[in-house]
Amino acid sequence: MIILVRRIAAVCVLGTALAACGAPGSPHTGRPSAQAHSARPSATAPSAHPTLAPGPAGLTPVFKNGPRTRDKTVALTFDADMTADQGPRAAAGEHFDNPQLIATLRGLKVPATVFMTGRWADEYPREARDIGRDPLFEVANHSYSHYAFTGDCYGLPTVREDRMRSDVERAYAAFRKAGVPDPMPYFRFPGGCYDQRALRTLSAIGVTAVQWDVVSGDAFATDADAVARQVLDGVRAGSVVVMHCTRSAAPVTEEAVRTIVPELRKRGFRFVRVSELIGATTNRQP
């Protein structure tokens, strides 16, 4: 599978579960609201973290990037992808995790947000628990099955509307089962694909949908330098960078991070988790 990194085109296939996460032109709608609140109480999402207020007509709010201020913060986010039907491939030895990447982030003291599927947490409960209990990181929701929440989303199977909410709730249940103590009330749509129907359906859960403004192009990439250049060329103050925590389908991410982190620090950037960017956004609102 070919990826055109310099064109910011993520070329993805269903079998690898990285369905165009970060591809420009993803079918989506909605904008962040101008006000903030704590996530509404629910049986699945925690409520003590910064979130955006509901959008028009009570739709799930969508966050793309933080404030473009002189405080040059940037959030690296990593999608830990695994679809509901990939168990046989994992049993055969395919690695959907990337412990070396997590170790490198720790070694470089880089806070990050991991958007984890429930299926990934079921497959790697010790790693999920280890990430979730490390104060350097925060775990957020990337659905249980990594199936699309709209039609025509890069070849992914589609979650039926009547199962969208339960798919997200099932992921939170998988996190609790693995021992993740405090998953965040943030949700990333598989493939970045959403519409008003999906935003409306998930509104009762009280999550903020988190997108991005910088595509790393690491999915299926074989050139770590190209991935690093793409991130370094795209980052601005307040950026959210989408990357992946999946060895089999994003094999050069860890190497790219070792280039990205020192260079951005040299440029005066400070690494934060998504929660800090959302908090900074809401604090700037009247």
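## Exercises on a predicted chain

Phe 175 sits in helix H5 (residues 164-178); helices here are DSSP runs of H or I with at least four residues, strands are runs of E with at least two, and both are numbered from the N terminus. The model is predicted, so local features need pLDDT of at least 70, side-chain atom pairs count only at pLDDT 80 or more, and totals for chains, interfaces and linings use all residues. Residue numbers start from 1 along each chain as its sequence is written, and side-chain values use heavy atoms, leaving out hydrogens and water.

### Exercise 1

Task: Classify Phe 175 as buried or exposed, and list what Phe 175 touches.

Solution. 
- Step 1. Set the cut-offs: buried is under 20% relative accessible area, exposed is over 50%, and partly exposed lies in between (1.4 Å probe, protein chains only).
- Step 2. Phe 175 has a relative accessible area of 0%, so Phe 175 is buried.
- Step 3. Find the contacts, meaning heavy atoms within 4.5 Å. Leaving out residues up to four places away in sequence, Phe 175 touches Met 116, Thr 117, Gly 118, Ala 121, Val 139, Ala 140, Asn 141, Val 180 and Pro 183.
- Step 4. Take Thr 117 from that list. Phe 175 and Thr 117 are 58 residues apart in sequence, with 8.9 Å from C-alpha to C-alpha.

### Exercise 2

Solution. 
- Step 1. Asn 98 is buried, because its relative accessible area is 5%. Gln 86 is buried too, at 2%.
- Step 2. Beyond four places in sequence, Asn 98 touches Glu 127, Cys 245, Thr 246, Arg 247 and Ala 250.

### Exercise 3

Task: Describe how H7 packs on H8.

Solution. 
- Step 1. Helix H7 covers residues 224-234 and helix H8 covers residues 253-266.
- Step 2. Their axes lie 8 Å apart, at an angle of about 35 degrees. Axes are lines fitted to C-alpha atoms, for helices over the stretch in contact; angles run from 0 to 180 degrees between N-to-C directions.
- Step 3. From H7, the contact uses Ala 224, Val 227, Ala 228, Val 231 and Leu 232. From H8 come Glu 255, Ala 256, Thr 259, Ile 260, Glu 263 and Leu 264.

### Exercise 4

Solution. 
- Step 1. Arg 236 touches Arg 68, Thr 73 and Phe 269, not counting residues up to four places away in sequence.
- Step 2. Arg 236 and Val 74 are 162 residues apart in sequence and 7.6 Å apart, C-alpha to C-alpha.

### Exercise 5

Task: Summarise the chain and its confidence.

Solution. 
- Step 1. The chain has 9 helices and 11 strands. Buried residues account for 57% of its 286 residues.
- Step 2. The average pLDDT (the predictor's confidence in each residue, from 0 to 100) is 87, and 83% of the residues score at least 70.
- Step 3. Over residues 24-46 the pLDDT is below 50.
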